[in-house]
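Here is a short note for your review.

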There are 2 protein chains.
Amino acid sequence: MDVYISGAGMTHFGKSPDSLEELMAEAARLALKDARIRRVDAIYLGVMNVEEFVGDSNFATLLADVLDLTGTPSTRVETASSTGAGVFATAFYAVASGHMKNVLVLAGEKMTHLPTAKTTRILSEVIDRSERRYGTTMPALAAMIAQKYAKDFHLSPQKLEDILARVAMKNHFNGSFNPRAQFQKRIEKGDYLKSHMVSYPLRLYDCAPISDGAAAMVVTSQPTSIRVSGIGHATDTSAVCHRSSLTSFNSTREAAEKAYAMAKVDPSDIQFAEVHDAFTPFEIIGTEDLGFFSPGEGWRAVEEGSTQLRGRLPINPSGGLKARGHPVGASGLAQLVEIVWQLRGEAGPERQLEDVEIGLAQSIGGLGNNNFVTVLERTDRKRIAKEGWRPSYHTKGTGPREGKTPSLPEGTGTLETFTVLYSTPEGFLSPLALGLIKTKGGERVMACNPNYRSPNVLRIDQWVSLKKKEGLYVFEKFTLWNRMGRWLKHLPRSFS
Amino acid sequence: MDVYISGAGMTHFGKSPDSLEELMAEAARLALKDARIRRVDAIYLGVMNVEEFVGDSNFATLLADVLDLTGTPSTRVETASSTGAGVFATAFYAVASGHMKNVLVLAGEKMTHLPTAKTTRILSEVIDRSERRYGTTMPALAAMIAQKYAKDFHLSPQKLEDILARVAMKNHFNGSFNPRAQFQKRIEKGDYLKSHMVSYPLRLYDCAPISDGAAAMVVTSQPTSIRVSGIGHATDTSAVCHRSSLTSFNSTREAAEKAYAMAKVDPSDIQFAEVHDAFTPFEIIGTEDLGFFSPGEGWRAVEEGSTQLRGRLPINPSGGLKARGHPVGASGLAQLVEIVWQLRGEAGPERQLEDVEIGLAQSIGGLGNNNFVTVLERTDRKRIAKEGWRPSYHTKGTGPREGKTPSLPEGTGTLETFTVLYSTPEGFLSPLALGLIKTKGGERVMACNPNYRSPNVLRIDQWVSLKKKEGLYVFEKFTLWNRMGRWLKHLPRSFS
């Protein structure tokens, strides 16, 4: 059974005095009003971590009650930071089953009321336990991925900085036309450079903000002007260490392949997209993983301006997570709300794209391991069925999970990528150097060293030694001195 | 599209040294082996509060990875303590949509590693905030419902005690034949009476235990011996205060009505059931809400032995939540695993029911406000389509939500029901008298009084005064002394 969208709405994103249930109720009322209905067959509600952000449980029930829809079936769905897309997909299947006609989809998060270090700690719980205990945060992992991308595709630190700044400036520019965006102020390169370093090379302006907000939709089996034509979903290894590629998210590629096949389109059909830019490098990688640009070419598209609001393929016309804000559970659904508004021609004169009939949203859960791709199109779009698309290569995680390999490496390796993290979570010293080490045995491990307090003393691909201290790997670069020491230690006893 | 079950499995329930992901993986492997498949189109995973019990987030991704199903779409679903049933319903719609052939459904919880007061606090978060702040716990609310049931249906305290003991003994008896049950030991009335009072009149043996455990199923569009014939889901008011009936759960009644209609059966067709007995009185109320017995008659069925393992309508042949254990997120799915085993004739010689072709599971989320009813039947059952069933009365919540009524009552009222809570959550003194007061204006409010340390000093329907202290209502019974005081206060000044 085909599935359509009859209503869409969202609150202003940013710092709000309202409670989470008030925010979600506001978004719900907007969507219900838009769909011109009052009752629904079910509510599907997405929130990533209501337990720790708000201290509540049984939230699906509360929302039904707050909305005066007491009695209506209400279910909570969660897929980490892609929760908004996950709850939409779940509602899609419920309607597609023919058992429900109209379903209310809700997604929201309330985050700004807590101290930043606590919020960082809560957000870090999406990271695999084996990596989280190093003090790794989401920005730290994203920073390591950005460094690896720059290395693999030959971007100098200056070039990388310039490209990332362009992504941030573009999304702030777009956000300046979005009355619901958290930031409606354009930024210049100077502002970007002045923003503090969160985790080298990512600055504050490379990271989506901490936000409150909610989005809602009504999904229906009754034909409307907007059809849900493709949904794809895939996971990846829990630990980043176990990926075979650090510069591409296999979960996006697999989700995209499924969504394109279901929608019978290929990447060249897509006219605009909302891409999960929780960190600026993720937007670039996202546009490659979605097949818009070849691997390693996404940054060129940014430089050339192709992804700008009036470019060939506008990316994040809403301002993206970067400028619209990122209430983690809500973002995946807010992206889809933007697609609906653009397809209906309701995005407002300044950011409305011309003659768009098909758009795509990509949402990332966790560190790129629970991702969704959703394709929406105008029902009146002339459809030329295509065979879909296959990613140019698949990069399945290959490394073994911790616990399955009792013999862990110790000794030497190369520094595959690294960051120096300045905004550490509760309980960790700052700054903190974190690195991914490729060991001689070919394994990849996370390691740290709190003594390297500047990124300038480290270099990708340099040799490092690896030792275990208090259950954590600590890496140390080979200097002439410790090479000498190592060499001397291995001399026959008679020499010493 | 019809939906079938091809695999079912569960771990032993109880105190386990294994991590939550290990427990869930064990259950998953058993279900996949039973279904004779290795790969699935999606994973739907239910866990109620992984954030606070275990300190993890992004758990759906972790499980896909732990199961060597990296890449497979994986979504977490939550509906409080009915999560196991909620995740099953979600998977049902995904398969019914025709977009997925085989889906792995997982549900689990890990609870025993935390101190009891902390677990009680976490579990209390499912209670509406307006009631939770009084120190109310799930057993306290269940106890107030039990007292009201006894009052309305004329059971003396001794009779109520006897009936609740019978439910506990029956379920422990059934559990003694279940090798996966937490308690496999029969109990006598003496054991029941010796167990400590948790919240008057509920003793420890009236409450399901704190448990670790997981259950799993494979749901498929390929015909097998077991068909999912009916699913119903409904919510009720978040606050118990706002219900028009305290002795019946409208969410069960509405869910049952939907499930019977979908399965084209009525209550008389059901041959056995798993009923959510988190508290012994809930089993009795459940059998009434499901239409097995008239309102107020469920306790008689217990007394007459109709719900025993070899009775006319066996309830909880598995031992129920009471004896099998209650890892909150898992119980709803474990109930369905028992139904599958019974229908297949795989429940083992001692607890296998004879010639059963259709069974039902009822699961309660929160304090009876996010409930599911699921009907499973043998595919070879001779089906005589019936019109379904309508509950004899609907008892929609009528009271207004807090915040909508700025003028709150103060003054006098009657004590509609009460409990004295001995096992209070973190941060509350014990014992604590809690009551629901029907005010003169017809509203119902929660109120407390830490000075009443024994249930013997209170009586249902007695007049009480109501005052607000530090934002909480405190009730006080009228004694001759304070009636006199009140009377004196209202005398003309010249008298005093």
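Which residue stands opposite Val219(B) in β7(B)?

1. Val103(B) does. Bear in mind throughout that this is a predicted model. Strand β4, residues 102-109 of chain B, pairs with β7(B) in the antiparallel sense. Eight bridges hold that pairing in the assignment.

2. β7(B) has another partner. Strand β1, residues 4-10 of chain B, is joined to β7(B) by six bridges. These two strands also run antiparallel. Gly7(B) is the residue that stands opposite Val218(B).

3. Is β7(B) covered or open? Strand β7 spans residues 213-220 of chain B, and eight of its eight residues are buried. The cover is on both faces. One side carries Gly213(B), Ala215(B), Met217(B) and Val219(B), all buried. The other carries Ala214(B), Ala216(B), Val218(B) and Thr220(B), buried as well.

4. Now the contact between chains. Chain B gives 60 residues and chain A gives 59 residues. The size of an interface is often quoted as the accessible area lost when the parts come together. Here the buried area between chain B and chain A is about 4600 Å². Carbon and sulfur atoms give 45% of that area. Asn58(B), Glu78(B) and Tyr93(B) supply 13% of the area that chain B buries against chain A, more than any other three residues.

5. Which elements of chain B touch chain A? Those giving two or more residues are α2 (50-53), α3 (59-66), β3 (74-78), α4 (83-96), α6 (129-132), β8 (226-235) and α10 (250-263). The largest share, seven residues, comes from α3(B). By type, the side of chain B that touches chain A divides into 21 nonpolar, 21 polar and 18 charged residues.

6. Strand pairing also crosses between the chains. Strand β3 of chain A, residues 74-78, is joined to β3(B) by three bridges. The two strands run antiparallel. Val77(A) has Val77(B) as its bridge partner.

Conventions: Residues numbered from 1 in each chain as written. Chains lettered and ligands numbered in written order. Predicted model: local features only at pLDDT ≥ 70, side-chain atom pairs only at ≥ 80, totals over all residues. Heavy atoms only, no water. Contact = heavy atoms within 4.5 Å. Buried area = accessible area lost by both parts, 1.4 Å probe. Helix = DSSP H or I, 4+ residues; strand = E, 2+ residues; numbered from the N terminus. Nonpolar A, V, L, I, M, F, W, Y, C, P; charged D, E, K, R; others polar. Pairing = 2+ DSSP bridges. Buried < 20%, exposed > 50% of the residue type's maximum accessible area, 1.4 Å probe, protein only.
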